[in-house]
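Please look over the fold shown here.

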Amino acid sequence: QPALRNILLATDFSECSENALRYALGIARRNQSRLYLVNAVHSIGYLLGGGGVAAQAGMQAWRDAKRLERELIRDGSLAGIEHEFLIRDDPPSTVISQVAAEKKVDLIVIGTHGRHGLTKLLLGSCAEKVFRSASCPVLTVGAWIWRPVSAGLGPRHVLLLTDFSAASKPSSEYALSLARHSGVELIALHVIGESGETTPARVAEDRTRQFRDGFDGIKFGQITPQVQVWTGPLPQTVMQAAHRVRADLLVMTVDSGSK
């Protein structure tokens with residue numbers, strides 16, 4: 001199973017980034033990973049104010065980083081976690097790609113709302129560029145998360161969206177890597193169209209047998225994933241299933257060529 005040795009958290013140090021931070025801390029603690037907390041201060045956004053304004057923005061980013069580090073040390077969130085803060089001057093997507101390559105990052109964690117240097121990344125097409133071009137998994141965490149995970153525990157219920165094809169094998173491996181710790185429940189979700197001729201019950205039986213035998217060479221060890229087959233439109237059905245199983249984390253494969 002893949003090891004999560006190095007995790008990159010993209011942060012703008014705002015409250016909107018806190019959910020993503022908690023997920024990154026929880027996963028880093030579970031996997032004994034090194035955590036890189038990365039902020040992009042793109043100076044092109046300060047051209048009208050002059051070079052002095054850009055320099056001040058960079059210094060403020062470092063002050064925010066030190067403040068956050070003190071808070072996390074004080075409440076024990078960073079205890080036992082190797083970490084490093086990195087502030088770079090470049091477009092956010094460029095910074096994330098560069099750091100991910102330099103540090104051999106195994107997982108990128110990004111919040112979906114923010115301000116300062118990451119606003120455009122988190123809300124626009126730049127985010128799509130990151131998770132479609134990244135050479136490692138990307139975890140996006142919404143600011144509307146209704147049940148943030150504890151920094152010491154990480155996700156407890158992992159929902160894996162899969163069609164059991166070879167293309168979905170990488171996401172399945174990472175879901176298993178996250179779920180290999182005791183107390184983490186893994187639910188494999190397969191969605192079929194409403195016009196499908198095969199009944200969900202029959203598909204669930206076939207897929208459960210496939211999981212027990214080992215999916216495409218993946219060995220599950222002591223993990224016994226639940227297999228659920230739902231019928232309906234994909235986006236709405238996935239959200240309904242995630243709510244039903246109280247999922248903390250949704251794992252899926254994104255086709256880099258799809259629109």
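Is Asp 75 buried, partly exposed or exposed? Asp 75 is partly exposed, with a relative accessible area of 47%. Buried here means under 20% relative accessible area, exposed means over 50%, and partly exposed lies in between, using a 1.4 Å probe and protein chains only. This is a predicted model, in which local features need pLDDT of at least 70, side-chain atom pairs count only at pLDDT 80 or more, and totals for chains, interfaces and linings use all residues. Residues are numbered from 1 along each chain as its sequence is written, and side-chain values use heavy atoms, with hydrogens and water left out.

Asp 75 makes a salt bridge with Arg 22, with 3.8 Å between the closest N and O atoms. Asp 75 sits in the loop between α2 (51–74) and β3 (83–88), and Arg 22 sits in helix α1 (residues 18–31), so the pair ties together parts that are 53 residues apart in sequence. Arg 22 is buried, at a relative accessible area of 17%. Glu 18 joins in: a network of salt bridges links Glu 18, Arg 22 and Asp 75.

## Other salt bridges

The search of the whole structure finds 8 salt bridges. The criterion is a side-chain nitrogen of Lys or Arg within 4 Å of a carboxyl oxygen of Asp or Glu. Side chains of opposite charge can pair when their charged atoms come close.

Arg 34 is partly exposed, with a relative accessible area of 24%. Glu 82 is exposed, at 52%.

Arg 67 and Glu 71 form another bridge, with the closest N and O atoms 3.3 Å apart. Both residues lie in helix α2, 4 residues apart, about one turn of the helix. Arg 67 is partly exposed at 29% relative accessible area. Glu 71 is partly exposed at 32%.

## A parallel sheet

Four strands build an open sheet in the order β8-β7-β6-β9, with parallel pairing. Its edge strands are β8 (226–231) and β9 (249–251), each pairing on one side only. On average, neighbouring strands are turned by 25 degrees against each other, direction ignored. Strands count as paired if DSSP finds at least two bridges between them. Helices (H or I, at least four residues) and strands (E, at least two) are DSSP runs, numbered from the N terminus.

Strand β6 (residues 157–161) pairs with β9 in the parallel sense over 3 bridges. Leu 160 stands opposite Val 251 in β9. Helix α6 (residues 169–179) lies across β6, β7 (185–192) and β9, and runs at about 170 degrees to β6. Axes are lines fitted to C-alpha atoms, for helices over the stretch in contact, and angles run from 0 to 180 degrees between N-to-C directions.

## Val 99

Val 99 lies in helix α3 (residues 92–102). Val 99 is buried, with a relative accessible area of 0%.

Which residues does Val 99 touch, not counting those up to four places away in sequence? They are Leu 8, Val 38, Leu 86, Arg 88, Lys 104 and Val 105. Contact means heavy atoms within 4.5 Å. Leu 8 is 91 residues from Val 99 along the chain, with 8.0 Å between their C-alpha atoms.
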